[in-house]
Amino acid sequence: MDKKLQQPIFGWLIFVISLTTYLLSLEPTASFWDCSEFIACAYKLEVGHAPGAPVYMLLGRLFSLFAAGNTENVAMAINALSAVASALTVMLLFHIIYWFAGKLLQNTYRATTKNKIHFVAIGASLIGSLTYAFTDSFWFSAVEAEVYATSSLFSALVFWCIIKYEQEPKGWPENRWLVLIFFLLGLSVGIHLLNLLALPAMALVIYLKHYKYSTTKMLFTVGLSVLLIGALIFGIIPGVVKTAAYFDLFFVNSFMMPVYSGVLIFVILLVLAILLLMRYFHKNKRYLLRFALIMFSFWLIGYSSFTILVIRSADNPFVDINNVENVFGLVDYLNREQYPQRPLFYGNNYNSPITDSKKRITYKLYDHAYFEDELNPKYEFDANTLSLFPRMASLEARHIDAYKQWGKIEGRKVVVTGADGNTKTIRVPTFAENFRFFIKYQVGHMYLRYFMWNFAGKQNDIQGYGGKFFGNWISGIPLLDNWRLGNQNQIPDEYKNHKAQNKYYLIPLLIGIVGIFFQLKYDKQKFWVAFALFLFTGPAIVIYLNEVPITPRERDYVHVGSFMVFALWIGLGAAAILHVSVQHLKRPWPKWIAAGLLIVFVPGLILSENWDDHNRSGRYTARDFGKNILRSCEQNAILFTTADNDTYPIWYGAVC
C-alpha cells in the first residue's frame, strides 16, 4: 500500500474504533450535572448558565434533528455529538503524534530508510491515540452531553492546523492556516475558553519554523502568547460587548432611539474602522499589521456566535439565564458575575477582615430605557492581612476547617481594627502556608491525583476529600498501594470490588516517561512545544482556578488537554521501544510482536479496565429522577430546587 495513503487510512481506522466504543457505551438519556441543562437548551436553543456555549448549542440542535421528532431520542442524539467530537479528537491526535514522531525519528535514523520511520511513526500514533481514547477522564466526557468533548475537538483541530502551517513552504500562502486558526479560536469561545490555552504551543511552532533555537527568544514568544490569552479573556471578549452596551445606553437613553440601535451603530463603526485600517496598512505596505488585523477580524466573526444568545433571549424561552437580551446582561453573563471571584497573585485570605466595599453598577432594560442597577460590591480587605499568591481566599465558613487541615495553618500574628473600632489580634496564613495548600491540595489532590487516575489507576469513583478509602489513585502494585493507602486487602468488599477500580500497573505512566526523555534527547525543540501545551492545559489551569477545598464534584475533565499531551508522550515512548526493535532485530516479525504487545498492554489494558465503569448504555437514573420529581407535583405547582442535580433533570423533563 502507498505510504501516503496509510496515514489517513489508519487515522480513519482510529476514528471508527473510538466512535464504535463511545456509541456502544453512550448514555441513552440525560446525565446529572450540566448535561441535562445542555440537552434542554440545545434542543430548544435556550440560554443556559454563564458564560454560555452558543456554538455547542447550535451543534447540539443539529444533532437533535437525528431524533426525527421523537423526544425520547433527543438526549441520545445530543450525547452522540460528544461521541463524534471525541472520536474526531482521537483521529486528529493520531496525526499530531505522527508529526511529532516523524520529526523525532528523522534525528535518530541517520542512515536508514524512510520505511522504518514510517512504521515506527504509525505504530506510535496508533498506541498513543488509542490510549487517550480509552483514558478515564476523556472517555467520561465522550458519552454525555457536555461541552468538554467538543472543546477537546477544537483544541486538537487548531493544533492540527498549526502542523499544516508548519508543513507549508514559507511565504504568504502558509498564512491561510493562521487565519483559519483564529476563526476556530473565535468559534471555540462559544464552546469553552480552554481552547485558547493552545496558543503558547502554537506560537512556539511558528517561532521554530522561522527562527533558530534560542531559549530567551522562545520564552519571550511564550510570554507574548500569554499576554494575548490575557488580553482575549479579560479584555477583548467582555470588552467588545461592553463597548457595544455603552453605545446602546447612550443612543437609547440620550436620543430615545430604539433598543439595539447603539449596538448596530457600534458594529457598523467597528467594521468601517477595520476596513479603513486594512486599506491604510496596505497603502503604506504595513503587511504584517494588515495580516494581524485580518486574523483579528476572523476571530471576531467566530466570536459573533454570541449574538445567538441575544436573539434567543429576546424570544423569552423557557430557560433564559441572565436575560441576555439586555446587552448589559450579556456583559454580566460573560463576566460570570453570579460566581464568586478569587484572587490569583495577591489578595485576601479566608479570615481577612473586610474594611470597605465599593459599589459596582450595571444597567437593566425596562420600558425601552436603561436604568442603573447594582452588582455584587467589590470588597476591600485589611491591608495587613493580604498575601502574595493567596490560595486560601474563600470567605465561606465551610471551607475554613478544610483550609486549616490541608495547609496546617499556624499563621502570622496581625493586629486589625474591627467595625466597632476596637483592635484585636488574628492569625493570618503565611505565604508558606498558602504555598503548602497549593502544592498539597490544588496540585496534588486536584491535578496529580487526576493525572494518575488516567495513567496509573483509580481506586473508585466515589468523590474523595483526602481520606484513604475514596477517589485515590492506585497502581495495582500491592507494595506501592499498601504503603500509600494501607492494606488494600483489608478494605470492605464493597470497595475492593468496585466497578470503577481500575489498575494499569503504572505501565502507561512509565512508557510516557520514556517518551518524554526520548523526545528531550533527540528533538528538544519539539519537546518544548509539547511541554508548553502540557503546562498551559494542566498546571496553569490549577493556578488560574484557585480551587476551594470542598467542591461539589471532581474536576478532572478540565485537565484533559494535558492528558492528551501525555498520551502523545506515551506514543513517543512506544516509538522508542519500536525504534530499538527495528534497529537491533534484523528479522521483520519481532517488530510486529513488539507493536502488538504495546497495543495489548497499553490501550488494550486501559480499555479492559475502564469498560465496566464507563459503559453507561443502560443508565437512566437522571431521567427517572427528574420524572419522579415532576410527577410528585400537582398541576401548576411551584417547585423549589437547590442545585444542579435537583434542577437540570427537571428542566430536561419539562422541555423534552
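Me: Why is Lys364 called partly exposed?

Reply: This is a predicted model, so keep in mind that the numbers are computed from it. Lys364 has a relative accessible area of 40%. The label covers values between the 20% limit for buried and the 50% limit for exposed, so Lys364 counts as partly exposed.

Me: And what makes Lys364 and Asp373 a salt bridge?

Reply: Their side chains meet at 3.1 Å, N to O. The cut-off is 4 Å between a side-chain nitrogen of Lys or Arg and a carboxyl oxygen of Asp or Glu, so this pair passes. Asp373 is partly exposed too, because its relative accessible area is 30%.

Me: How do you know that Arg449 and Glu554 form a salt bridge?

Reply: Use the same test: the N to O distance is 2.8 Å, and the limit is 4 Å. Arg449 lies in helix H16 and Glu554 in the loop between helix H21 (539-545) and helix H22 (560-584), so the bridge ties together parts 105 residues apart in sequence.

Me: Are those two residues buried or exposed?

Reply: Buried means under 20% relative accessible area. Arg449 has 4%, so it is buried. Glu554 has 13%, so it is buried as well.

Me: What about Glu174 and Lys209: what makes them a salt bridge?

Reply: Their side chains come to 2.4 Å, N to O, against that limit of 4 Å. The pair links distant parts of the chain, with Glu174 in the loop between H7 and helix H8 (175-189) and Lys209 in helix H9 (residues 199-210), 35 residues apart. Both residues are buried. A search of the whole structure finds 17 salt bridges.

Me: Which residues does Glu166 touch, and why is Glu166 called buried?

Reply: Leaving out residues up to four places away in sequence, Glu166 touches Trp99, Lys103, Val205 and Lys209. Its place is in helix H7 (residues 147-167). Its relative accessibility is 15%, so Glu166 counts as buried, since the limit is 20%.

Me: How do you know that the charge of Arg484 sits over a ring?

Reply: The charged end of Arg484 is 3.7 Å from the centre of the ring of Trp473. The distance cut-off is 6 Å, and the charge must also be within 35 degrees of the ring normal. Arg484 is in helix H17 (residues 478-485), and at 21% relative accessibility it counts as partly exposed. The C-alpha atoms of Arg484 and Trp473 are separated by 9.8 Å.

Me: Is Leu506 buried or exposed, and what is its phi?

Reply: With a relative accessible area of 15%, Leu506 is buried. Its phi is near 65°, a positive value in a residue other than glycine. Leu506 lies in the loop between strand S10 (502-503) and helix H19 (507-522).

How values were computed
Residues are numbered from 1 along each chain as its sequence is written. This is a predicted model: local features need pLDDT of at least 70, side-chain atom pairs count only at pLDDT 80 or more; totals for chains, interfaces and linings use all residues. Side-chain values use heavy atoms; hydrogens and water are left out. Helices (H or I, at least four residues) and strands (E, at least two) are DSSP runs, numbered from the N terminus. Buried means under 20% relative accessible area, exposed over 50%, partly exposed in between (1.4 Å probe, protein chains only). Contact means heavy atoms within 4.5 Å.
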